[in-house]
Every structure is written in structure tokens, then in C-alpha cells.
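Open the model in your viewer and keep the selection tool at hand. Each stop below says what to select and what is there.

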Amino acid sequence: MRKRKNIRFMLVTAVILGLAVDALGQNQFIIRAMKDEMDRAMAGLKIDTMKPPYYLAYTVYDQGGCSVRASMGSLVSSSEPARSRPINVQLRVGGKGFDNTNFVSFAAFGRSRLAYVAEDGTLYSAFEGDYDALRRDFWLATDILYKRALDNLSKKKAVLQNSVRTDSTADFSIVEPYSTTTAPLAEKFDKQQWEEKVRRLSAVFKKYSGIQKSEVSAGSHDAYMYFLNNEGSQVNRGYLRSYVEITASTQASDGMPLNDFVAFYATSQRELPGEKEMIQQIEAMANELTARRDAVLLDSYSGPVLFEKQAAAEVIAQGLGPSLCNVREPVSDNAQLEQMIKNQLGENTMQNKIGAKVLAAFISVTDDPTKSSFNGSALVGGYPVDAEGVPAREVKLVEKGILKTLLTSRTPHKRIPESNGHARGLAHQAFVSNLFVTSTKTMNDAELKNALVAMCKERGLDFGIVIRKMTNPYFQRLTRDQSDPMSSYYAATGPKPLVGVPLSVFKVYPDGREERVRGMEIVDMTLQSFKEITAASKGAYVYNHITSQRRPSYTGIFDPQDTRVSVVTPSLLFESIDLKKTSAPHRTAPIVPHPVFGQ
Amino acid sequence: MNLRLLLLTVTLFYVLASGQSGQQSVVLTAMKAELDHSLGYLKKQESPPYFLSYSIIDLQRTYVGATFGVLQSSGESHSRQLALGLRVGDYSLDNTHEIRGDVASYQMRYQYIPIPIENDSDVLRTVLWLETDKRYKKATDEYTKVKTNKAVKVKEEDASDDFSREQPSVYVEEPKTLKIDRPLWEAKLKNYTKSFRDHPNIFGGNASLEATVETKYFVSSEGTMLQTSVPYVRLGISAVSKADDGMELPRYESFFAFSPEGLPGDEQVIRRIQTMIDDLEKLRTAPLVDPYTGPAILAGGAAGVFFHEVLGHRVEGHRQKLETEGQTFRKKLGEKVLADSIDVIYDPTIDRLNGSDLSGYYKYDDEGVKGQKVTVIENGILKRFLMGRNPIEKFSNSNGHGRGQAGFQPVSRQSNLIVQPKNPIRSSRLRQILIDECLRKQKPYGLMFAQIEGGFTTTGRTMPNSFNVLPLVVYRVYTDGRPDELVRGVDLVGTPLTVFGKITAAGDDPETWYGYCGAESGSVPVSQTCPSIFISEVEVQKKDKSQEKPPILPAPFTKKAN
């Protein structure tokens, strides 16, 4: 079935060149360079009596792309199609039971000037590098990482020597070697065409006098990944990624900042929605944002909340998804650093709950990286093989409310010794791919709204709350005020709530009438709240987005495996959620009327 | 009525037309329009701004990078960044005043505001409008804090105004263009870096080319209106090796010119690269130097870096005023700080000297003030400081040295540094002076600093007011006629006033060096033209070195050099 689709896909899109496996042809030297240098390292890398590496994995990303940004019909920036070649080395010393990984130390930051190898093992190789150039970079990176690994292993041993170990889970799991090679994909980037497109899309905002700032950014990238490890796994495959992201911000008459976004993600640029549809969605967002300026304020609310469509997907993506992944708390020789990392990882109560009830009994959750579409809608979170060369597979995470397992990479969980093929990104951390939430108890949209109203009546509330759109950390960063980076940096370091800020919020009165509310924050949502889901909609919403974990451009690497996640979920009615009016200080509304629209 | 309006436009046009060579652009017109529009409303506020400026820096850049004979990067970029200057209060006291006790207040005033690269007046004005509103509100907050701080703290030592009054300038020139043959430069850089391949002990060998057209637009409420455009190209070569004891050994070369044709030819670049390789190969096995106190010569390039770090940062005007600064030279005004035969000049108005283009050249500084030649030290006597628009005791005006990187609030910074001896000594003679001084002091050898990587200096009060210069290539010059011996592991340290008193002679061999200088207003291009200098006594200490061993396995070479 999937195969057939691929063939059709290749035939229709003439731009995408499907090449036969052996047609890696002139790029065979990449694999040769990786293999030759890896063999040499495994045979000879050793200092004195210290152990040689027991595991070594090399990855090469051959990537290119272009990105363009525009505001109100004018280009803000435009980068030409540029190619780059980041390479990555993962190296382990010790044994699978206990090795150098999962350890952090301040000394690990910034050492050698011979080559710059990031903490995650990434180095930028010359994009046009030949066999010699690649071997040279792998040689230097492996050498630097081997020394780091020995250093970390001894420090980790020292720290654990004097402390009681509560967790004796192994550091690395065993997998069967796996090899696969798929044809490279190439897509032609027409910079000029993209420039014209973002000019047109961003010009939509020219007719919205109530919106102060807006931007459209778009781009298209291709990559081919070569992965090789010393256990005999070899994965060579290509990716295409394209996106259009639109952000807009303004202020209410009392100065309260308001923002919103729309985003489109696809593999090939051909798979993106047509311009007409994009414009429709941009207009809908702009209208909604404009209307929100005049929305009422609400001090606080405690009661049932209906999360509809995108809002339900964000709640699942931000609140539930990350906690369904295996997270190992690293060992550190520095108490401050350890605390900092623990704070970043946040609450992880799911880790010890396998076999326990974590969701309402009628809800099940599955993660399936092997799917590429749902009911005709494309999904962007999938992959055939994960970042550690482990084949992707479907994982039933929650069945009828009971937590069955967690998503794992080759870093085991004390009750899950094996990888289930969910290592993502350069850090090879376990993460969500395509997350499906299903419910055996469903209602249509009208019934769901009635159920909300009924629950409110029961609690003696005058109205209930429906949330239709939520932001996420990724877009919060995009819309953050950059004119004063230092203050926004400090603002970003406070405690992190489980889920982000709701954008589109409505009061629903018993007669069904709705009233728009602005400036609300969700204050008390915890994983416990998910047990109190009381109803779900019949229809499922497909939400493709960039994971809130980090931005792709953060490391400058277009990381084809990471960052993209799909969530498929029904709308969800939560029994009790607390909301309050935001207390963040803000500027007053502009003193000077708009130079073009006036006031 | 109509006639009056007509007359007004004619006069305005006339003013704009004087001293200019180009057309006022859409960008400049939009900036001026929004400045007038926003200011018109803000003037009616309770604490109105007394000054508003917009600056837009447009950077069109082509870049190429190569390493070991292959391309590392190649591309083009175009960006525009906006910076606002908005002041509430008055020239004597405003929102930019130092808030004593608040470390963050002066350190980093940075704003990142991208603005469209296309010339749609409405869109440009929308960005300017919104940012002006934000900045105004921030400025009024700051002004309240400044007034409180002033009331609760003791009287400041330097009671000068916060902002100088300057004559407005109007100057408009056409944006320049720069033609770069990218494939040609890709081939050149690949060729340059190819020679590193034959040397297994060279771990990094890179070349990079950056060709930029920097167009600056500036308007202010005082009537200044500027549009300047400068193309320039930079070629940088870097290589790194490592000694067996772990010491990392870097080498850099940089070239600067206002056009690609001004850069040195292939043959010259390749020769310089060969010297770098030779230096590094020799340095790897060179003996480590022990701590030493004695006479030394700093060759032109090294002396330039030395003057930049040790003297330059201490003659930046605003440092004489900030209460957190060490103010080494503040009370030395009119006193002798250097041998009386030496002048130290900063001159941003010249773009070429001794056949070299100068990277510290500009017509107007980043506060819109015309760049001026400033003789800081005349006959060894400290005469004046480098000034932006932040007045200090005895100096109430800018001398065109208010500089900053895009987005940073400008402060007084260096430009083209020229160290000019009145009676230069032949460089061979300088060497004899060194040997004589060693014999007199009964030292078996003196030091000769041929190359300096850079350095850092602390000018604050809480840390010792010292400098640390990082030499790359240092020789021992023996008194007994033995050949010079290359040594490594040296850091040149000391306190500025002492060491300047010991510079007693300078050579006839000026060399020009280029660099980017980093400080609180970001990174700005500077140049130093300096001859060799003789110092009767320097102090060197052991360099802090990497503890990491060289690579365990040899370089994976497929073919041997021949």
C-alpha cells in the first residue's frame, strides 16, 4: 500500500528524482570514508591502559535549502540555496551496563581548538569535502570525543563510588544490526518563486490596520543521511522538508500584547497547501487576532474546559507527549548543574507509572512513526528508521487509560530494556513521532458543547470555557520581542508551566451564546488532569507541528529526524482546569497613531 | 501660503543638495517622515524626547570559505538592521546616564531589530513607528531610574553632560556595489588551503573571504541626514597545530582592501601561508620559555596590537567618566606618558596609508558625527581622548569616534591607529639597541615578538588594571652571536603606565594590521599602523595551555606530500 503510493508520488512529481539504490554512485566515497575511518579508530584508538571505545556511530548529513522571510509584502531576508554537511560522532567507552554517557560536567564545555565538536558530537564538515576531508574530520572528532568519553567515564565512576546507586539500569541496550538504503531525493529550490510567494502571503496583513507586526517565513530543505555504526548497522536515506510559518502580533486598547500564528509543514514543497488555502487561513487568523483586541477580560475561572481541535492537540503535544518518553536523569559531578538539568526536564511522574491508570479509561494512546497519513491528511512525524539505526515501529503507550510502556531509544528504562525505535535528533533522545489519541466514548461537536454546559450547570457556574487555539514554546520564541534581547532572555528563565498560553478562548453560556475572552493563562494543569478527561469528540484533528523541545535553527543544523511531530486527537473535555488573567507587565498601547492606517 | 511652502521645499532641497553626490533614497525619506511623525506626537507627552535618531545598516555580503582544499561555505546574504537613539530629559541629564550600582545598565545596550531589505516606505515606517513607541516607553522608565539614582548616590566625580551638542550634518551618496566573481574566489581559496593538506601536524587550515557593501542610513531630530556606502573585502587565513605537550599553536593572517583587486595576489598569499606552515612546524618543537623580565622588541604588527590593547582602550573617552572604570589616563592629561619622540594618532578620515587600505576608515561615525583626525599623544604627551557624544571633563564635544556594531549603542572607540616616531631608527639598529641593553643588564638574551594573536585588557576598577597580550611567534635574541631561537609558551603581561614609560625607541618599518575590536558596543573594524618598538623591560609569564594530548592516531592521509 505504502509502496504503491511512493511509486505514484515519484511519477507525478517530476522535480523529485527517485534514484535507484546503487545510484548513490558518486557519493559512495562518503560511506567509504566513514567505514575506513571507523575501522581504523576501532582497531587503534586507545590510550595507555585505558579502554578503547566499545561503540562508535558516524552520521553524515548532506543538506541544503533556502529560507525567505517577508513582512507586509516586503522581503526581510532571503538566503540563497546553500549546502552544508554536518557530521556526528557517537562514541561510548566502558560497557553496555555502565559507560561514559548520561553524565554531565562543567569541564565538558569548550576545549579543543583543533576542531570544534559540539557537546552532542556534531562538527561541520566542508559541504564539498572529498574522501580525505571527511576522514580528517571524523578522525579529529573521534579523537576529541574519545578523550572526553574517558574523562567522563572516570568522573562518573568517581561520583557513583561514594553514593548509593538506586538505579542500576544499563546505559545502552542491545539491538540487531539493521541495514537499509533508499534513493536520494532532490528538490529544486526556486528562490525567486519563494520570494514572490512570501511577499504575496505577507501582503495579506496590509489590510489589517489592527495588527502591529506580522511576518511570513518559508523555506524548503533536502537532506540525505548516511548512518553507520560498528555493530554493522547502516542506514542511508533522504528527506524533504518544507514549511510556511506566519506570525502576527498586536496590542489590545489597554496595551495587553496579543499574538497568533498559522503554520504549514510538509515533506516536498509540492505537498504544501495551495496559496488560496493559505491566504484563507491567514485571513482567518488575522480576523481572529483583530477581534481579540476587543475581547473581554476575566479574572479567573475554575471549572470544565473544552479543548477543541488545535488546542486539544497542543495540550497533548506539550502536556502528555513528552511525559510518555523515557527520560534518564543524568549523573553529574556538580550539584548546581544537576539541579539545572532536573529543572529543565521538569516533572516526570509517568516514569514510574507503567501498569497504572494515567488517563480516563476510555482513552488510548499510540505512537506510530511508520504512518505517513491519516484519513487522507499527511503526517510529518514519521520515519522508517530512527536516529540510532533502529527500525521504527508502532508502540501502544496507553490502553484504556492504563500506561503500558514508554517510548525508548537505546537508552533503557528500568522496566523497558529495549529500544522501540524512537531515538530522534542528534542527541538521540527518545521522543514522540506520530501520536494518536483515540477514544471509545465519543460525541459530536454539538453534544460535546452541551456536555460542557451541563457540567457547568451542575457546578453552579454561569458559563463554561472553550479553548480553540493554544500557542507553544516554539511560536512563543518566534513572537518574542527581540528589540531587548537581554530582558526577554531573563523573562524566559522562570518556572515552566506544563502547557503554554491559550490564544483563542471563549465563554460559553447555557443558551449556547459565546463571548471572546483574552489574556488567560492555564495555571494548574498537571498530568493528573489527564485522568479527568470526561469526553472526546467523534472527529480527530491532525496537527503537524515543530516539537517544542527545540528549534531546528538553534544548532544551525537542519535536523531531518528531529523537531517534526504529528498529533492526531479528538477534541477533549477536561473536568476541571484553573485559568487566570495574565499578570505579566506590559507596555501601554502606542501613543502615536499608525503611520499608514492612522487611528 | 502655497508660495511659502514652495520656498520651504526649495530651501530644504538646496540644503540636501549641498555636499552630496547621490539621491536621497526611499529608506532615508521614510526614516525622516516617520521621525517627524512620531516625534510630533511624542513631543506632546509629559516627558518628551529631546533627541531621536534612526540608523539602518544595510549589509550585502558574499562569503566563501575553504578548508584543506575543499569548500566549506559559499553564499550571499542581504540584511538590514535598525537601531534607535531616543533620549528623554535634556543634554545635561538623560535616560542614558550611568546608573551606579547597576552593572547591567551600561554594559550591553543591544537591540536586534531586523527591517525589510526592500524599499516600501509604508512597511519601513510601520517598523519605525512601533519600535519608536517601545523605545520611548523604555527611555521614560530609564529616566525615572536615573533621576532616583542621582538623588540617592554621592556626587559624581565627573559632572559633565550626558550628550554633546553637535552641528548637524547632511551627506548623501549613492549606495555602492561590489562585483565579486564567486567561482573565481572559490577556486582561489581552495587553492590557498590545499597546501595545508601536505602537513599532518596542521590540524586546521582555513581561508575565508568576506566581501561586503555596508550602506548606512542615519537621520536625527537635530537635522542630521546621512547616507553613506562603503564596499570592502576581507581575506583571512588561519591554521592551528599542537605541540606534543598539548599546547595549541594557532596562526592567523588577515588582508583588507576596499576592492577585491586591492587584495594581495595568489603568489603573495601562498607565500604567507608557507611561512605560517613553517612557523607552526618549528613552533611545535620550539623550547618553552621560562618567566623572564628584560628588554624586548615588538615587530610592527605585534606592536600595533600592543598599542591597540594597552593604550587604545584606555584613551576611549567614556572610560574616563564611568565610575566603574580604572581611568588609568584620566589624570595624566598634559603629562608625558611615552617617549617624547612618539606621536599616537587616530585618523578615520584616511582610507589608505603606505600603500595599504585602512579598515578603520569612515566619513561619519555611528552617531552621525563627521570622523576627525585625533592626535591623542603628541611628543609623548597625552593631549586628548577619543570622543563620541558622551562628554567628559574638559572635553565637551565628539571628535567623530562614537562607534558601534549594528544594534549596539555607540561609545567612543578606536579607528585607524597610527604610531608615528619623530626620529625613526633603522630596524637593524634597533636590534643592536636590544643586544646592548641585554649586555648592560647582564641578560644572556632579549626577546623579539614577531607576531601577536591578540590580547585582552581589563580597564575596570574591581580587577587589576592590567593587560595580557598573546604572542604567537617569539624569538630569543642572544648577545653572544648565536642565531635567534624560536620559543613558545609566552604571555606578555604588565601594567600599562609602567610599560609605556619603558618604550624608548621605534623603528622605520611601519606595518599595517587589521582586526575587529570587541567591546561593549560590539565589534568594529580597526587598523593599526605601527613600526617596531623597543621596550627596555617587559615581563613574560607562562601561557595557560591545553592539557589535551595531540591526536592518538596519525592523520588519515591517502597520499604523501611531495
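The tour runs from confidence, through the two chains and their contact, to single residues.

**Before you start**

This is a predicted model, in which local features need pLDDT of at least 70, side-chain atom pairs count only at pLDDT 80 or more, and totals for chains, interfaces and linings use all residues. Residues are numbered from 1 along each chain as its sequence is written, while chains are lettered from A and ligands numbered from 1 in the order in which they are written.

**Stop 1: colour by confidence**

Colour by pLDDT, the predictor's confidence in each residue, from 0 to 100. The predictor gives the complex an ipTM of 0.87 and a pTM of 0.89. Chain A has a mean pLDDT of 87, and 88% of its residues reach 70 or more. Select residues 1-21 of chain A: pLDDT is below 50 there, and the stretch has 17 contacts in the model beyond near neighbours in sequence. A contact here means two residues whose C-beta atoms, placed from the backbone, lie within 7 Å. Now select residues 550-562 of chain A. Their pLDDT also stays under 50, with 24 contacts beyond four places in sequence.

Switch to chain B. Its mean pLDDT is 89, and 92% of its residues reach 70 or more. Residues 1-20 of chain B stay under 50 and have nine contacts beyond four places in sequence.

**Stop 2: chain A as a whole**

Show chain A as a cartoon. Its secondary structure comes to ten helices and 26 strands. Helices (H or I, at least four residues) and strands (E, at least two) are DSSP runs, numbered from the N terminus. Of the 599 residues of chain A, 48% count as buried. Buried means that 20 or more other C-beta atoms lie within 10 Å of the residue's own; exposed means 12 or fewer, and partly exposed is in between, with C-beta atoms placed from the backbone. Take the contacts in chain A with a separation of 6 or more: residues 24 or more positions apart account for 80% of them.

**Stop 3: where the chains meet**

Select the contact between the chains. How many residues does each chain put in? Chain A gives 48 residues and chain B gives 50 residues. On the chain A side, the elements with two or more residues are α2 (28-44), β2 (74-78), α3 (131-161) and α10 (485-491). α3(A) gives the most, with eight residues. The chain A side divides into 20 nonpolar, 13 polar and 15 charged residues. Ala, Val, Leu, Ile, Met, Phe, Trp, Tyr, Cys and Pro count as nonpolar, Asp, Glu, Lys and Arg as charged, and the others, Gly among them, as polar.

**Stop 4: a helix pair in chain A**

Select α2(A) and α3(A). They pack at an angle of about 35°, with their axes 9 Å apart. Axes are lines fitted to C-alpha atoms, for helices over the stretch in contact, and angles run from 0 to 180 degrees between N-to-C directions. Show side chains in the contact, including Phe29(A), Ile30(A) and Met34(A) of α2(A) and Leu134(A), Phe138(A) and Trp139(A) of α3(A). The residues of this contact divide into nine nonpolar, one polar and four charged.

**Stop 5: a helix pair in chain B**

Select α2 (residues 26-42) and α4 (residues 121-152) of chain B. Their angle is about 40°, and their axes lie 9 Å apart. α2(B) and α4(B) are therefore oblique to each other; angles under 35 degrees count as roughly parallel, over 145 as roughly antiparallel, 65 to 115 as roughly perpendicular and the rest as oblique. α2(B) passes α4(B) in a right-handed crossing. Among the residues in contact are Val27(B) and Met31(B) of α2(B) and Leu128(B) and Trp129(B) of α4(B). The contact counts ten nonpolar, four polar and two charged residues.

**Stop 6**

- Leu324(A) sits in the loop between α6 (309-320) and β11 (331-332) of chain A. Buried or exposed? Leu324(A) is buried, with 23 other C-beta atoms within 10 Å. Among the residues it touches are Met350(A), Leu397(A) and Val432(A).
- Phe68(B) lies in the loop between β1 (49-67) and β2 (70-88) of chain B. Its phi is positive, about 45°, although Phe68(B) is not a glycine. Phe68(B) is buried, with 24 other C-beta atoms within 10 Å.
- Asn379(B) is in the loop between β12 (374-378) and β13 (381-382) of chain B. Asn379(B) has a positive phi of about 50° although it is not a glycine. With 14 C-beta neighbours inside 10 Å, Asn379(B) counts as partly exposed.

Note on methods:
Left-handed = near helix turned anticlockwise from the far one by under 90°.
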